[in-house]
Amino acid sequence: MEKFKITILQIIIISYREFLKWWRNKFKVITTVIQPFIWTIFFGLGLGKIVNINEIARAINYQGEISYLLFIFPGMISTTVIFISFNFGHSFVEEKERGFLRPLILSPTPDWVIVLGKILSAGFIGALQGLIVNLLGFIYFKEISITFLTFPALLVLGILTATLGIFLGLFFKKAGSYDILLFYVIIPAILLSGAYFPVELTPLWMIRLAQFNPFYYGVETVKKVFVFSLSLEKDFSNLKELIITKGIGIFEGALYTFLFIAFFFVLINVIIKNKSLD
Amino acid sequence: MRFISVKNITKRYGNVFALENINFEVKEGEIFGIVGPNGAGKSTLIKILTMAIKPDEGEVLIYGSDFKNRKKVAKKLGIVFQETTLDVILTVRENLFFHAILFGFSSSISKNLIKNLASFFNFENYLDMKISELSGGTRRKVEIARALLHSPKVLVMDEPTLGLDIESRNQLWSYIKELNEKNGMTIILTSHYLEEISLCDRVLVLDSGKMRFLGSSKEFIKNFYGKV
């Protein structure tokens, strides 16, 4: 029991350390929140004029009024979470490169505890910034919704991204090289996640490919939470029915995302078992 | 009794041998110096001794544990790296506190340990300052304090006095001697300074990854002064 308590404390302290390092870099905090907000304005109000929203609504089986801004907002928040959480993979490689990871890996704390602490903090920070963008959208755009399920959905997506980031980071010795993943893995994976257009409207091979894309499930969960939230706003009296109808979809998306998290987490631990993180 | 045993270790980076067939043992309570010019393999040897990296060939045993069981011996080793590994954006107290928790201490014990070490190294007034605001000498003291937080049996230091002025170097050495004499702590260190090597009990000389000498510091100075 004592050992369990210490392990929990170690996970919390590793997460808290990462959180403090992020929080004290105010410039980074502010710019990462503002950037997606600006993107949303340009995408939503600009691209929204030329996109056939009715076709999108049919593809995602959405009944009710929808604008392109409303469609891409959850995708934009998901992108924020993914970028921020994935950037922790960069920090992880940089820490390896510059030796800052050594005090952690040469401590008696098991490597899986160190990795878990880092993943949780990266997921939390990503989700927190996503939530701030969501709140700004809620205030500014009016039609944007928010609910008690928003943060958990963003957190799951953030944890997924951080796990993937650290997994990929294990194969890099230089943080500069890791950044290339952003263009070759992350951006294509975001595009194939349904964040900006429904995957259902793409060719069959892209639909098949999307099924192997972990972000597809994470982003789907966030989008389903938004639909749930919108429906709830319209008719609160139907909460029970909504939980049954929409809740199953949210649970399904979250479950698949968790399976990907577990898969990558196990892989990380298999790799680091006999290999130093240095 | 031999606490640290290094048997036939070899480490390559590509085709270059960083270390080749190194053998030695370190006894309990001795100050063991590793000397050599830049690129001799000192830092690679320190990384292997602290189990940060694995040798390509050979074996390092610390208290009978090898690389696979490195977490078991982690509590017995205190490590000061050549480059600073403190989080510069965090305060001295935060850096030390996080380290204590990683070594399995409770929050209250950690706070007491920090208080005692800050008093020993005389940096109580800097506890709530960020590392980035400290001088090089104080940073080094904090690094050594962090390595000593869990009362290790062996203190391993890679160029502990590098970049420090004479006064700070002398002060650090007085701490090192005190730890060795009063607590019987085994100390392994690398250094470029001859006056520091003379304070070691035994010395290992490396050159281009090969062992050139292993013996007492007196013998070393007698044989090598002016040559290394």
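Modeller: In this predicted model, strand β7(B) sends B:Thr186, B:Ile188 and B:Thr190 to one side and B:Ile187 and B:Leu189 to the other, and all are buried. The strand, residues 186-190 of chain B, is thus described as mostly covered, with five of its five residues buried.

Two strands pair with β7(B). Strand β3 of chain B, residues 31-35, runs parallel to β7(B) and is joined to it by four bridges. Within β7(B), B:Thr190 is the residue that B:Ile34 stands opposite. Strand β6 of chain B, residues 154-158, is also parallel to β7(B), with five bridges between them. B:Ile188 of β7(B) is the bridge partner of B:Val156.

Turning to the helices of chain B, α3(B) (residues 92-102) packs on α4(B) (residues 107-120) at about 130 degrees, their axes being 9 Å apart. Because of that angle, α3(B) is oblique to α4(B). The two helices cross with right-handed geometry. On α3(B) the contact uses B:Arg93, B:Leu96, B:Phe97, B:Ala100 and B:Ile101, and on α4(B) it uses B:Ser110, B:Leu113 and B:Ile114. Six of these residues are nonpolar, one is polar and one is charged.

As for the two chains, 21 residues of chain A and 24 residues of chain B make up the contact. On the side of chain A, α1 (2-23) and α5 (102-105) each supply at least two residues. The most come from α1(A), which gives seven. That side of chain A has 10 nonpolar, six polar and five charged residues.

Technical notes. Residues are numbered from 1 along each chain as its sequence is written. Chains are lettered from A and ligands numbered from 1 in the order in which they are written. This is a predicted model: local features need pLDDT of at least 70, side-chain atom pairs count only at pLDDT 80 or more; totals for chains, interfaces and linings use all residues. Axes are lines fitted to C-alpha atoms, for helices over the stretch in contact, and angles run from 0 to 180 degrees between N-to-C directions. Angles under 35 degrees count as roughly parallel, over 145 as roughly antiparallel, 65 to 115 as roughly perpendicular and the rest as oblique. A crossing is left-handed if the near helix is turned anticlockwise from the far one by less than a right angle, and right-handed if clockwise. Two residues are in contact if their C-beta atoms, placed from the backbone, lie within 7 Å. Ala, Val, Leu, Ile, Met, Phe, Trp, Tyr, Cys and Pro count as nonpolar, Asp, Glu, Lys and Arg as charged, and the others, Gly among them, as polar. A residue is buried if 20 or more other C-beta atoms lie within 10 Å of its own, exposed if 12 or fewer, and partly exposed in between; C-beta atoms are placed from the backbone. Two strands pair if DSSP finds at least two bridges between them.
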